[in-house]
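Where does a structure leave empty space, and what surrounds that space? Rolling a probe the size of a water molecule over the atoms shows where empty space is left.

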Amino acid sequence: MLSVLIWFPILAAALVAILPRKIPANRVRLGALTLSGLVFLWNIFLLLKFDITQPGMQLQEYLPWNETLGLSYKLGVDGLSILMLLLNTLLSWIAIYSSSQQTERPRLFYSLILLVNGGTAGAFLAENLLLFFLFYELELIPFYLLISIWGGEKRAYAGIKFLLYTAVSGILILATFLGTVWLTGSSSFNYDTISTQTLSATLQIILLVGIIVGFGIKIPLVPFHTWLPDAYVEASAPIAILLGGVLAKLGTYGLLRFGMGLFPQVWSILAPTLAIWGAASAIYGTVTAIAQKDIKRMVAYSSVGHMGYILVASAASTALSLVGAVAQMVSHGIILAILFHLVGVVETKVGTRELDKLNGLMSPVRGLPLISALLVLGGMASAGIPGMTGFIAEFIIFQGSFSVFPLPTLLCVVATGLTAVYFVILLNRTCFGRLDNDLAYYPRVLWSEKIPAIILAVLIIFLGVQPTWLVRWSESTTTTMVAAIPPVEKVETRYIASLHQ
Amino acid sequence: MDFANFASQLNAVTILPEGIVMITLLGVLIVDLIVGRTSSRWIGYLAIAGLFAALGALYFLWDSTNPMSFIGAFNGDDLSIMFRGIIVLSAVVTILMSIRYIEQSGTALGEFIAILLTATLGGMFLSGASELVFIFISLETLSISSYLLTGYTKRDPRSNEAALKYLLIGASSTAVFLYGVSLLYGLSGGRTELSAIANAISIAGMSQSLGLVIALVFVIAGIGFKISAAPFHQWTPDVYEGAPTPVIAFLSVGSKAAGFALAIRLLTTAFPLVTEEWKFVFTALAVLSMVLGNVVALAQTSMKRMLAYSSIAQAGFVMIGLIAGTDAGYSSMVFYLLVYLFMNLCGFTCVILFSLRTGTDQISEYSGLYQKDPLLTLGLSISLLSLGGIPPLAGFFGKIYLFWAGWQAGQYWLVLLGLVTTVVSIYYYIRVVKMMVVKEQHEMSDAVKNYPEVSWNLPGYRPLQVGLVVTLIATSIAGILSNPLFTLVNNSIAHTQILQPTAVVSTQVSAINNQQP
């Protein structure tokens, strides 16, 4: 059942790659779209089979693979991963949909996207550390090619930078995995056979730091984020959607699954540092976004900020904050996808991304009114305006983590405020104002370009007014995860209490 | 000694594979002598048939109950069979590659194959040699054939220069090796069998003497030359650049495998008393090789030189398994050499194809190749990515196993260094992939603009295509379907007497018992 999610896209990728050369690009795109749509439907079917009351792994699959290495083909899905899988298949479909009809070298392009889709599904499903790592590294080369063949002007630089950062992240993760498995004396890399109880606290902390830094590069956390603006900005819109929507989730998912899941005892020791780190990341991301002159860069830095909230929520590790973290991963994925798609449309129609040149796109006749309206909606969702999914996720996070880390939570609230600031700047400079009479002869926006954004907008509003559909999947899993963690030292709470006395 | 006893000690069936190779060699020479140049159409296939027969004989000898033959001079245990198999396979692919290449250079194919088969023979004997003189003879057979092959295209000044350099460095390292061997002979009081040497030295109470350490270092210098470990690597880039490409394909796989076979056998049987010392020396060599090989490869502009430095680095990775010194360590070495065979030969086949069609080896000339020759692009990309350790290719599993074995043996820093240098290596491997795949139509190099129509029907191209496709498939799926290969290499190590800890302990115990009056 679950294997279909991995192998169907990979086989589809092979199929697309060997299509005859004379088939035009739009036909290849249509084929890839159909195949990817089938995967999405299968994912919906799995969602219906998913039992939300059960906290453990479901629909497990197991095949022995390589006994010597302790590598087995073990898959499973739980509340932490089910929504990530859905996000992955949905955004892959949207990425293919939002790609241009005349993509150059279409067979390679769509087969790489399908390959990435299968690999990411594998990483979310893997219950074996080495299997996870295999799928994690599988993203490396396809994304490198996707950035450096179909990217912007500085794509070669951005591609290599992405490649090296991700490779280093992989190395750190592999080293910690090897260390964890060997030091605990586990016979295999299977997730459920590893128990870190026997290790000394110092060793556990060293391993956990390896995991945090390894996944922190991918998330990305602040000092390790410098690949992100280049890669997001230089990548074409569909690739940026996949990079920000799916690949970044692999980092946060890995942090929760392998950091918190494998090292529950020391998690609370590092939690205060992580919370402050996350808050600093959030503030940094938003402040830097304010200073940008390029709308794609703004959106890229907004991603740094939003991932900071997830870190704060994971550090707090209350039942509520973890539900919020999962919800934020999903809503950030959707919101980033809509923003990148719209920015891509604006760039192709208007021909620029500069804040100083864009103006008056809201104009109903000669501007891009629907695109601007959706951009306003996306910006509001990102800034945490109630009624949309971003607000729900952020509010659950703040609610869940305030009792543990009041100060970082307050900083995050400030960051949300600042997010509103730069999105208002962005919307003000692009959508409002007057059109330049001499230059404003923009091509028409086709319906096929509007549809992905409309689907995402509907999703954003639906999950915003009916948030149960966002949170019900992960509740039982996160509750069990939290139960394994000793209560976090409430340093700041005590500090505040002492102030009162 | 009666005849039956003598024959059983001789146990000549053990060298049946080598016998077959030798007959093939003679056959090739004689056919070439009688028929002349026209035989070059089919003489390559004759040699390949002989090599496959040798492989069949190796299969027949697997797990033989009585591996010792020739009164202790040759050990046909499973370890040697694995290494002989690797060497034979690398010779098969080398012949597939060389049919067109040698023909195009205007030299004779029969002699080339004869020398190559001699080198194969030397490497095969080296894999199982367990007597000092025999080790030296097979090592020199391999070396002298390698010098001859290096300078085979004698109209090319670079080939001449490479042969001379290789001969000078090789001869001096052989001399150093021979000096070490003669010291061993003296220290052990006149023993030449490897197992007897360790015994005799420990009985004589010289287990920590200076002489033994000097002998060890000299022997390692000889081995380090063969496996091109830094700082004995200096010949590698020049020879790889100058020699005919099929020859360096063989040198990078077959000759290296023979060197590692020698290292395992010699160090574990003759030097069990100074294990700490040789592990220390090899740690230094591994660190130097990984760092130097990977860092210097970054700056290369010629494909062959880049592959030379990458092969130095790969030798550094393989040494992690040797240093680990456990069963898993040796298995991971053999496994890595096996997958290295596929990926490196696949890479070299593509390099040969490209240079046959364009006449150049510069990395920058590869730009835009994907449009003209997709199969070549795919083959070279897959093999280079596999060398860089990208999943799910064979090299990824090979590296994981090496690192896993190293980590298990507590070599944390070495494994971490290996991981870091792997990242460095990804950069220079991906550079070539970038040239071929990423570059646009207008960035195409001159060589690719004038690329000839891809045709496999020209004489000698079909075997190249077969070699490319087979090694490409092996590189792609040997990782995913690695379980049978893992079982094979693990069995080969587990069934090898000399690598079992009990064997070493019992020799030492018996030595101590003998010491007591």
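Predicted model: local features only at pLDDT ≥ 70, side-chain atom pairs only at ≥ 80, totals over all residues.

Chain A supplies at least two lining residues from each of α1 (2-17), α4 (106-125), α5 (129-138) and α6 (140-149). Chain B does likewise with α15 (369-372), α16 (374-387), α18 (412-438) and α20 (461-477). Helices are DSSP runs (H or I, at least four residues), numbered from the N terminus. α16(B) gives the most, 7 residues.

The largest pocket holds about 1900 Å³ of space. It has 48 lining residues, and closest to its centre are A:Ala17, A:Leu108, A:Ser111, A:Leu112 and B:Leu378. A pocket here is an open set of points on a 1 Å grid over the protein atoms alone, where a 1.4 Å probe fits, with protein on both sides within 12 Å along at least five of seven lines; lining residues have an atom within 4 Å of a point. Volume is the space filled by probe spheres set on the points.

By class, this lining has 37 nonpolar, 6 polar and 5 charged residues. Ala, Val, Leu, Ile, Met, Phe, Trp, Tyr, Cys and Pro count as nonpolar, Asp, Glu, Lys and Arg as charged, and the others as polar.

Now the second largest pocket, with about 950 Å³ of space. Among its 36 lining residues, A:Ser100, A:Ser236, A:Ala237, A:Pro238 and A:Thr348 lie nearest the centre. α13(A) provides the largest share, 5 residues. The classes here are 11 nonpolar, 13 polar and 12 charged.

Residues are numbered from 1 along each chain, and chains are lettered from A in the order written. Linings use all residues, while local features need pLDDT of at least 70 and side-chain atom pairs 80 or more; side-chain values use heavy atoms, without hydrogens and water.
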